[in-house]
Structure formats: C-alpha cells, structure tokens
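Here is a short report on a protein model.

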Amino acid sequence: MSNHLINETSPYLLQHVDNPVNWYPWCEEAFEKAKREDKPIFLSIGYSTCHWCHVMAHESFEDMSTAEILNRHFISVKVDREERPDIDSVYMAVCQTFTGSGGWPMSIFMTWDKKPFLAGTYFPVYAEHGIPGFSDLLRGVANLWSNDRDELLHSADEVIAHLKRPEFNYGNADSENLCAQAVKLFSVSFDNIHGGFGDAPKFPIPHNLLFLLLYASQNEDPDVLKIVEKTLTQMRKGGIYDHIGYGFSRYSTDKYFLVPHFEKMLYDNALLIIAYASAYAVTKNQLYLDTAEKTAQYVLREMPASDGGFYSAQDADIEGVEGKYYTFTFAEIMEVLGKEKGEQFSKIFDITLGGNFEGFNIPNLLKSNDLYADFEDEIQKLYDYRKKRFTLHIDDKILTSWNALMIAALSVLYRVSRNEQYLLAAVNAQKFLEEKVSSGICLFSSWREGKASEKGFLDDYAFYIAALTELYHATLDKEYLEKAERFCQEAAGRFADDVNGGFYLADRDSAELFMNPKETYDGAIPSGNGVMTYNFVRLYQLTEKEEYRQLAQKQISYMTGRAKESLTGHGMFLFAKLLYDNPPVNIIVILKDRLELEKIKEQLPFLANVTVVSESGEHPLINDRTTFYVCKEHVCLEPANTLSL
C-alpha cells in the first residue's frame, strides 16, 4: 500500500512511497490536515543518495511499530533537499540553532503553521551516546503536545525570534587586506603532510582552492601555490578519487583522503574539474589536466541524461553496505587481472590481503610515487568487473544549478584541452536547460520524467549566469553573454534585498516560510551570493557597463561585512573580489575574417576579458589584418596584428 508520495517525481520521495508511514509531500493538504486534527508535523528532509537517510529509513520508516506511532500522533512530511533548497536552508538553520550542528537526514518537529519546536538529524532505533531512540522521542513529543504544549510553542517562538533577528547593515565595510587575511587563515589550517585543511573529515571545497590559486598567481606566491598543488595531488592519489571509474566522492572521512563518503555528486565533480583545469592552466602540470579529463569522462559516461542534461548523484550504498560497490578483496584483483598483473597492480594501488578499509581495499596511490604507471587495460578490466558485480542507484533528477556548474566546468576544460567533445556537451546541456527548465527569463530548479519544478531559486539563476559567461569565454559568441545579462537582470529584480543588500534564496516576496534566508557562507557548493558577486564582476569587466560596476561594488560591500564573520567560509566571494581588485588583461579583437576565430581562441590567455567586435572608427584594423587592442594594469598597449602579452 503506497502513501501520498505516489505521484511525486523526486527519487528520494519515491524511495519512501511504500513505507508504512503515511507520508505527505510538502503541500497545503498536509498542513491543513495537521490543523484540522490538531497534530504536530514531523518533517524529514534528505536526499536519495544519502547513506544515513537510508539507515534511518530502514530502521524506523520501514518499521510497522514506529510507523504506527507516527501515523497516530503526527502528520509526516517528506522533502527532497535538492528540490527545495529553501525549506532545507531554513530548517537547517533551525537544526543548528537547537543542536549546534546539522546534516541529513534532518528531523524537524513543528506546528501546522511551520513553526519548529524540536530538531535533530539521525535518530537510532534505541538510545545510544546520549541520543534518544526514535520511538521514545516520538512518544515524548506526542506527550508534550498533549500535556504541555505551551513549552513547545515557547521553544518555537524563541528559535524563530533568534533566526529572524534584524540583519546588521554593514554599509561600506572596510575590505582592505581581506584576501591576504584569508590566505593567512588557510595557511594556518593547511595540512602540510596530507593536503587539505584541518583534520577529518576533509571536504574538497574547490572554490577555496580557486581563490588560493588566483591569489598565488596574482602575487607570484609559491607558498600559497604549494597549498593548492599539495591538496590537488593528494586528492588525486587518495581514495576520494575513484581510480577505477574516475570522478570524486563527496568527501574524505579521514585526514589522508583515503576513505571517502562514497556517494558521488554532480556538483563536486563539476567544481573539481574547474579546479584541476585551472591549476593546469597555471602550472602546466599534466597530472591536473589528466584528472580533470578523467573526471569529465566519468560524468559523460555515468551521469548523462538522454537529451543533454546530467543526473544528480550516484549512491554510496549497495545492499545496505556503504562503499561495497567500490572496494575489492585481494583475491578479486588476482582473479580479474591474473597473478603477475594482479601483483603489480596491487603493489602500486595499495591492495593487500588485510585490506585498507574494513577488510576490503580502496584502490589508491597514497603510498606510491608512480602516478603515471600504465595500468589502463587493468583498470578497464576492473571497471567492467565492477559494473557486472553490482548496479548503483542513480538519482536521475536534473537540477538546474548543478547542471549549470557542469556547463561551466566543461567550458573551462575545453579552453585548456581544446577537446571539442567538452564544448559540445556544454552546449547541449545549456540547450537542455533553455528548453526544459526555462520559460523566457524564468528558471525552474529541476526536471524529471517530463516535469519541471514549480519554482527556481537564487542558486539556479546565479549558477546559470556563470555557466553562460563561461560558455561565452569558450566560444566568444556574444549570444551567451547577452543571455547572461538578461538572467542577471531578472535575478536582481527577483531576489535582491534593496534595503540591506545581498540576495534572498527564494523570491523576495515569498511568504511560504517564516523567514527567507540570505546565504553567503560557502558549503560544498559556493553560495548564491558569492556567485552573484562573481557574475557582477565578470559582466562589468566584459561589458564595461556602469550598472554592473555599481552592482559589483554594492555586493562586495555587503559580502565583506558577512565574510568577516568567517573568511575561510567565503572563498567564492574572495575569488570574485580578487578579480575585481586586480582585473585580468582586457583584449579587444577586430577580426578580418571570422574563419580566424578558432585559431585566435587558442592564443588567448586562460584568464582574460575578451571581446570580439567589428571594425569601427574607435577600433580600426591595422594593416588590413586582424588586430588586437590590449589593456592591462590600467595601461593600453599599441594595437598590433599579433597578440603579445
């Protein structure tokens, strides 16, 4: 017997359609029923490839006795955090206020009018480590609801008042030396031995590496460059990188980058392609280009939808065991590769009888200096064997914001590799978004089974604008730049806080929840506000329009005040600020013949503001040949027929 999730398209919601819990999607029907029957809401937020979401579902939501308690005393609501980032963001702030931390699955208890009075994440079946058992918790909440509701409502009022406290208006916050201060903080937390920052767990956070890479390039700082290179190299060597099927897992559970949390997310791989491709552009280290290309190969092979978009994620679990898909026994390696090649492979990739992960082996190169050993045939054999052994669940919804990141990544990778395959994939993905999740200049957040979501959010617009800008850099086709401008104007009109600055996550006039967050802190994905800063800076530098200069300055001022609370949590903004403070070289190309464009693109520097225009009185052809007008560091060079920097 199915519940009220039966008509949903979210893979996460559909995973729970046969639970004995009488789940509702987020809808007015659920809240009206809770009001009518005078019951609290139990809100469960997660996503389809989340390991601990699977665990709690199996332990509690598939259990008849637990379901009976939920169905008798609560109205239960399921939300896919990836489809509704606004709901996730608001109640994550609630969870962090109540508990000091957050994560998924997220468990929220609230009133029918969406006021939260208790929050947590995963709850075990039985009490352990100071965490109550889930059934005991449900009974306790139901008892309080019936006998001491005032206490619960008081708790809800307190947390809402805390979260809705007036935002400080930072005005023209001082931003001098902000980037240098951030670099010092990153340097202090840098793990000089194992790469990355701090102790376990370690997240890639590629946008922080991009900031540090740009800082190192602008300031010719080898120490900062070492931080980036050490981290990129260790991640490539470690088990966080899939040496058999390529691509990166979500994060490392240890400080070595050996044991990952095995799920693979589209956004991580997109951002890491950008980081590795950018590092190659700066250093010409072939390892970085190889990593970026193999990661792109993984996405193009494992994650493509049939009509141009990309799926969201691959699961961490097989048969309830995290990592089972990715690990091997020593005997399996010998069986697949044979004794001679198996022993050679095992020596390089840390495969042993005892294993390096719960008796099994995660292939890695952390103990090897031979990063270029030729095991292409052996890797292919193991990949084929792994595919036949198990099948991973794929979250096949197509998210606008994550696809935009992949479009940007493939555009960047094309520029450093000149491989047309990447540009074609980026162009096709952009066409998909334009046709499926765009109505004029209105974006929707997701697409699955022929159906678009009902609304879009700041991240959808911000990331799509960045994707269009990167497609412009890759093609020099002004149509992409013009589209970026149109969506930028729509985002400013829809999400901007004209009084205090910054951008709301949901439409400015949205009243569905008790608050509309303005996210500036970067998590695994850069914040929408950070990316909007980047968009304004790039559009100003590419178009030289005064409106973008003013928008960039206003957003930088706002973000400076917010970033000072946690500099290392605002890497995307800091990256944008570096670009604003130290603009890349500006190149105007006057083409004699459009057929020359492809050859000219190969000559352009990786980081530059390039415009292709027609001959004019202001910019005439010199010697009746293609001409370059170059300005850098506030100085314009003599126009020339060859590009000389």
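## Surroundings of Thr-231

Leaving aside residues up to four places away in sequence, Thr-231 touches Phe-190, Gly-195, Gly-196 and Leu-209 (contact means heavy atoms within 4.5 Å). Thr-231 sits in helix α10, residues 222–237. Helices are DSSP runs of H or I with at least four residues, numbered from the N terminus. Thr-231 counts as buried because its relative accessibility is 2%, and buried means under 20% relative accessible area with a 1.4 Å probe, protein chains only.

## Basis of the model

This is a predicted model: local features need pLDDT of at least 70, side-chain atom pairs count only at pLDDT 80 or more, and totals for chains, interfaces and linings use all residues. Numbering runs from 1 along each chain as its sequence is written, and side-chain values use heavy atoms, without hydrogens and water.

## Cavities

A cavity is a set of points on a 1 Å grid over the protein atoms alone where a 1.4 Å probe fits but cannot get out; lining residues have an atom within 4 Å of a point. Points are joined across faces, edges and corners, and a volume is the space filled by probe spheres set on them. Three cavities reach 30 Å³ or more.

The largest cavity has a volume of about 90 Å³. Its lining has 13 residues; Gly-239, Tyr-241, Asp-242, Tyr-326 and Ile-362 lie nearest the centre. By class, eight are nonpolar, three polar and two charged. Ala, Val, Leu, Ile, Met, Phe, Trp, Tyr, Cys and Pro count as nonpolar, Asp, Glu, Lys and Arg as charged, and the others, Gly among them, as polar.

The second largest cavity holds about 50 Å³. Residues lining the second largest cavity include Asp-86, Glu-512 and Met-515. That lining divides into four nonpolar, two polar and two charged residues.

Technical notes
On a 1 Å grid over the protein atoms alone, a cavity is a set of points where a 1.4 Å probe fits but cannot get out, and a pocket is an open set with protein on both sides within 12 Å along at least five of seven lines; lining residues have an atom within 4 Å of a point. Helices (H or I, at least four residues) and strands (E, at least two) are DSSP runs, numbered from the N terminus. Buried means under 20% relative accessible area, exposed over 50%, partly exposed in between (1.4 Å probe, protein chains only).
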